[in-house]
Amino acid sequence: MKRLRKTIQTAAIGAIAINSLVMGGAAFGADIVASQLAVKEFRYLDKELDRISLIKTGEPDGTRDGHLSLLIDAGEGTEIKQIVMKTADAKGVDTGHGIWTSWKEPSDVGKYLLAVEHDGKTLNTTFKESLGQFKGINQFDLYASDNNSMKDGEYYYVEITTSSGVVKSDITPFADAASSYAPVIIREFSGAGLTEDKISIAKFGEDGREDGTFKLKLAFAQKTKVLSVILRATDKDGKEAPGIWRTNRAGVGWLLGLKQGEKIINPEFNKDVTTPVGTFRGTVDLTLYANNNGSIKNGQFYVIEVETQFGTVISKPVEFGNKDSVHLDNTVFPFKTISLKLNQTEAAVDDKNVKLDVAPFSLDGRTMVPLRFIGEAFGAKVDWDKKANRITIAKGSSTIQLVIDQKEAVVNGEKVLLDSPAMTRNNVTLVPIRFVSESLKMKVFFDDGEIFVTDATEQ
């Protein structure tokens, strides 16, 4: 476990994806067998979210999932029947430590679910015989529940079965991100003693034992959904020790009770483990209660984990009973985040509400958004050449040129083929959100019809 996950994770994947498109062919020299599909990039990103179990999505199981990115070029169109991920050593030789797949026969054993997301939509909630038809450039997020082989020293590759053959990627190493995209900072975390009896094993209420009490201050850069909060016992270096308390019932552990002032946030374990703790913004002060099972004692170290829809932030270990052992972080948020909703003109830049002239919408599976709003919200310069019908967007060292209704774009002087061209609607220019955002080295998140874009960079 990392001693401390910073608030921001690098958005370098966007740059890598674009570079792969510019160069053409398969990044990392992927092996192509009788198929027009080409792997452009395959990369292990992080292990921050708990979204799936070994067999189904939407079933957190108490362990954070491996999260990988897969970028392909499906050419003029092909069916993707199956994606299989396997473990290997540094030389690419199979190790047999795990097989994750989007489809398996009911009789197959020892294979776990590989969940596949495309522009925020889960393509297979469980094992599914076909992921569908695809054409052009497509980016997938892959999630694999940990079977104890998501750790340093492991490597992974995918085999993609299409209607015309099999494509095998090169290997990618495990990477537990040292930072996170989550727009939340743990400002303060500390132990507050064994002085109150507020909670039992699974709900608020006295049980005759004094609870471990902790103080937690969080700062949110924008409205953020908190999926779970977890308290873990560790040693001084952050290595896990016996004892875990959590706000949901995913996996093992006793209830971690949260109070904001006098308000009890989670009176008991929710029957649905996917129910979030709540949505927060600004600075939030919380008091945490952990029923003492004998492992809360002076001299023991603890960390707090806060999981959001963007990722997880983790404190450094603090020593219970030591008033001088406090996690403190006064970092200033150095980034912006915008949020939009499909088919709605309401949007926000950080906490400021904005009204759009044209609502974002989906076109042929691509999310189209107003270009000028995206660019100017992040300080990019947007120029319009009426005679050439060309738009130029510049941000930092990145420059994009787009021509209305043309699929060819220019990114930093290199030609790139788009799967959806820029277009106009009611005199407003709209562009595919993922291409433009990641070309400008920003990150896109999708969540139940809501779209988040951040210009977060590694701190």
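Two strands pair if DSSP finds at least two bridges between them. Strands (E, at least two residues) and helices (H or I, at least four) are DSSP runs, numbered from the N terminus. Keep both in mind for Met-368, whose bridge partner in E34 is Pro-432.

Some ground rules. This is a predicted model: local features need pLDDT of at least 70, side-chain atom pairs count only at pLDDT 80 or more, and totals for chains, interfaces and linings use all residues. Residues are numbered from 1 along each chain as its sequence is written, and side-chain values use heavy atoms, with hydrogens and water left out.

E27 covers residues 366-370 and E34 covers 428-432; they run antiparallel, joined by 3 bridges. They belong to an open sheet of 4 strands, ordered E26-E27-E34-E33, with antiparallel pairing. Its edge strands, E26 (361-363) and E33 (423-425), each pair on one side only. Neighbouring strands here are turned by 40 degrees against each other on average, direction ignored. For that angle, axes are lines fitted to C-alpha atoms, for helices over the stretch in contact, and angles run from 0 to 180 degrees between N-to-C directions.

What is the phi of each? Asn-426 has a positive phi of about 55 degrees. Asn-427 has a positive phi too, near 65 degrees. Most residues other than glycine have a negative phi. Asn-426 is exposed, at 64% relative accessible area. Asn-427 is exposed as well, at 82%. The cut-offs: buried is under 20% relative accessible area, exposed is over 50%, partly exposed is in between, with a 1.4 Å probe and protein chains only.

Asp-364 lies between E26 and E27. Asp-364 is exposed, with a relative accessible area of 72%. Its C-alpha atom is separated by 49 Å from that of Tyr-289, 75 residues away along the chain.

Next, the other open sheet. It has 5 strands in the order E28-E29-E30-E31-E32, with antiparallel pairing. E28 (381-385) and E32 (414-417) are the edge strands, each pairing on one side only. E28 and E29 (390-395) run antiparallel over 5 bridges. Trp-384 stands opposite Ile-391 in E29.

What does the record say about this region? For residues 349-450, UniProt lists "domain: Copper amine oxidase-like N-terminal", in an unreviewed entry. UniProt positions are in the numbering used here, feature names are shortened, and annotations may be inferred rather than shown by experiment. Over residues 349-450 the chain is 14% helix and 51% strand, and the end C-alpha atoms are 13 Å apart.

On to the cores. A nonpolar core is a set of buried Ala, Val, Leu, Ile, Met, Phe, Trp, Tyr and Cys residues joined through side-chain atoms within 4.5 Å. The largest has 36 residues. Those with the most contacts inside it are Phe-189, Leu-231, Leu-256, Leu-288, Tyr-302 and Ile-304. Which elements give two or more residues? They are E13 (184-196), E14 (211-234), E16 (254-260), E18 (278-290) and E19 (301-308). E14 gives the most, with 9 residues. A second, separate core of 33 residues includes Val-349, Ile-393, Leu-402 and Ala-422.

Last, strand E6, residues 112-118. Of its 7 residues, 6 are buried. How does E6 pair? With E5 (94-101) it runs parallel, over 2 bridges. There, Trp-100 stands opposite Tyr-112. With E9 it runs antiparallel, over 5 bridges. There, Leu-114 stands opposite Ala-144. With E7 (121-122) it pairs in the antiparallel sense, over 2 bridges. Glu-117 has Thr-122 as its bridge partner in E7. The E6-E7 hairpin has 2 residues between the strands, and in it Asp-119 takes a positive phi near 50 degrees.

Ser-145 is in the loop between E9 (137-144) and E10 (155-162). Buried or exposed? Ser-145 is buried, at 1% relative accessible area. Its side chain makes a polar contact with the side chain of Asp-61, at 2.7 Å. A polar contact is a pair of N or O atoms within 3.5 Å; within protein, one must be able to donate a hydrogen and the other to accept it, and residues adjacent in sequence count only if both atoms are side-chain atoms. Contact in general means heavy atoms within 4.5 Å. Leaving aside neighbours within four places in sequence, the contacts of Ser-145 include Ile-52, Thr-63 and Trp-100.
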